[in-house]
Amino acid sequence: AVIPRAETYVILCPNHTGMGSAVSLSTDQWMTPLGTIDVDIEFARALPRHIIDVDEAAHIYEHAIEVQLPFLQYRFADGFRIVPICLGMQDQATAAEVGAEISEAVARTHRRVVVIASSDFTHYAPVEVATSNDHYVIDALLRADVSDFYRRLAERRASVCGYGAIGSMLY
């Protein structure tokens, strides 16, 4: 499937560094070799911000959002904005809260929004184990069953680094 065109791409990622707030929104302009990307400030202001803080510290050395940006720039040039959110807390309750805040901001702004979750799956496992675990977890995602997704992660101890981002996207 090809990613659809939208006014705003909310990009969620895990916090690999541990810096910054537990759930951190960046409002700074982002740059890649393909150019600059503006944050959708109106959408960011429409977030209720019960759990999401504006905090640039979590984004300083984080890579998981910036690796998504050239794909969007290549596909859509500069006709979009982003809302980058980094999750240090990735439990299911946090994912539900983040998802609810995004949904509320969509309703408030009436934007065409696509939510992207940036994540790797299995790390450092033999290919047979990685394939088995990844497919097992992905099955729950294809059914959009967040509870089963979290259950399967725990059951297999799957090393999906951005599971909270994925859970937030599904909510």
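Residues are numbered from 1 along each chain as its sequence is written, and side-chain values use heavy atoms, with hydrogens and water left out. Because the model is predicted, local features need pLDDT of at least 70 and side-chain atom pairs count only at pLDDT 80 or more, whereas totals for chains, interfaces and linings use all residues.

Helices (H or I, at least four residues) and strands (E, at least two) are DSSP runs, numbered from the N terminus. An open sheet is formed by five strands in the order S5-S2-S6-S1-S7, with mixed pairing; two strands pair if DSSP finds at least two bridges between them. Strand S5 (53–54) and strand S7 (113–117) are the edge strands, each pairing on one side only. Strand S2 (residues 23–25) and strand S6 (residues 81–87) run antiparallel and are joined by three bridges. Within this part of the sheet, Val23 stands opposite Leu87 in S6.

Helix H2 (residues 69–76) lies across strand S1 (8–14), S6 and S7, and runs at about 160° to S1. Axes are lines fitted to C-alpha atoms, for helices over the stretch in contact, and angles run from 0 to 180 degrees between N-to-C directions.

Helix H5 (residues 146–156) packs against helix H6 (residues 163–170) at an angle of about 165°, with the axes 10 Å apart. The two helices, H5 and H6, are therefore roughly antiparallel (angles over 145 degrees). In contact (heavy atoms within 4.5 Å), Val146, Phe149, Tyr150 and Leu153 in H5 meet Tyr163, Gly164, Ile166, Gly167 and Leu170 in H6.

How values were computed
Parallel < 35°, antiparallel > 145°, perpendicular 65-115°, else oblique.
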